Amino acid sequence: MQVNLDRSKRAMDLFIHRCTTENTDLGIIAEPNKNMTKYSSKWITDEKIDTAIYAPHKNLSIRKSGHGKGYTWIETDELAIYSCYVPPPTKVEEFQHFLHELKISITQHNKEVLIGGDFNAKAHTWGSTIEDQKGNALAEWASEMDYVILNDGGTPTFERNGGKSYIDVTMCSSKLSPSVDKWYITKLPQKY
């Protein structure tokens, strides 16, 4: 499950409840509630706690984990999984530097890769009706990395106060994409 929790304790509670009821193995989170991640080994975060990976079950074999500026990763027996967050005011040059650092991190794994995150980047590739330079940079980067964008563009990934956008992206290495089944967006309650 992938989500941006907007630092909300209530949203985090709902997320954890949903993971429990749906027996979710893994959560990829942008903007988790900082206090709630500190008290459990189930949370793997970056230094600023802008990104997190939630691994509630001990049966998930995490071989190693790490982080960089704007991302957290884990490595299982089969995959390298990344959670990413890029704040909205990030300039294009900073965004490209982030993508460069992310690429360097990814190359340390000899595994297929799954990436989920709130990139605050807009491109037609994942359903946005408008494009920006960050979206174009991310779409180009994904293509160069031979990654498949899993977003189908049918549903916005962010909605608030009547506005909507497509800024959260899920992608994976092309060899992994045939095994991805039933990718979809679920709407959570607006008030949390």
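Predicted model: local features only at pLDDT ≥ 70, side-chain atom pairs only at ≥ 80, totals over all residues.
## Aromatic pairs

The structure holds nine aromatic pairs. In general, a pair of aromatic rings is described by two values, namely the distance of the centres and the angle of the planes. For F15 and W43 the ring centres are 6.3 Å apart and the planes stand at 45 degrees, so this pair is tilted. Because F15 belongs to helix α1 (residues 9–21) and W43 to strand β3 (residues 43–45), the pair ties together parts that are 28 residues apart in sequence. Both partners are buried: F15 has a relative accessible area of 3%, and W43 has one of 9%.

W43 also forms a tilted aromatic pair with Y54, where the distance from centre to centre is 4.4 Å and the angle between the planes is 35 degrees. This second pair again links distant parts of the chain, since W43 sits in strand β3 and Y54 in strand β4, eleven residues apart. Y54 counts as buried as well, at 5% relative accessibility. Elsewhere, Y71, W73, Y82, F95, F98 and F119 form one aromatic cluster.

## T51 in strand β4

T51 is found in strand β4, which covers residues 51–54. With a relative accessibility of 0%, T51 counts as buried, because the cut-off for a buried residue is under 20%. The side chain of T51 is joined to the side chain of T72 by a polar contact of 2.5 Å.

When residues up to four places away in sequence are not counted, T51 touches I29, P32, I44, T45, D46, G70, Y71, T72, S83, C84 and Y85. One of these, Y71, is also a member of the aromatic cluster.

## L79 in strand β7

L79 lies in strand β7, which covers residues 79–85. With a relative accessible area of 18%, L79 is buried, because this value is under 20%. Leaving aside neighbours within four places in sequence, L79 is in contact with I74, K111, E112 and L176. L79 and E94 are 15 residues apart along the chain, and their C-alpha atoms are separated by 27 Å.

## Two loop residues with positive phi

N120 is not a glycine, although it has a positive phi of about 50 degrees. This residue lies in the loop between β8 (112–118) and α4 (133–144), and N120 counts as buried at 12% relative accessibility.

D146, which is not a glycine either, has a positive phi of about 65 degrees. D146 is found in the loop between α4 and β9 (147–149). At 47% relative accessibility, D146 counts as partly exposed, because this value falls between the 20% and 50% cut-offs.

## The second largest pocket

The second largest pocket has a volume of about 360 Å³. Its lining is made up of 17 residues, and those that lie nearest the centre of the pocket are K69, G70, Y85, P87 and F98. The elements that give two or more residues to this lining are β5 (64–68) and α3 (92–106), and α3 gives the most, with four residues.

Methods:
Residues numbered from 1 in each chain as written. Heavy atoms only, no water. Buried < 20%, exposed > 50% of the residue type's maximum accessible area, 1.4 Å probe, protein only. Polar contact = N/O pair within 3.5 Å; in protein donor to acceptor, adjacent residues only side chain to side chain. Contact = heavy atoms within 4.5 Å. 1 Å grid on protein atoms, 1.4 Å probe; cavity = no way out; pocket = protein on both sides within 12 Å on 5 of 7 lines; lining within 4 Å. Points joined across faces, edges and corners; volume = space filled by probe spheres on them. Phe/Tyr/Trp six-rings, centres within 6.5 Å; stacked < 30°, edge-to-face > 60°.
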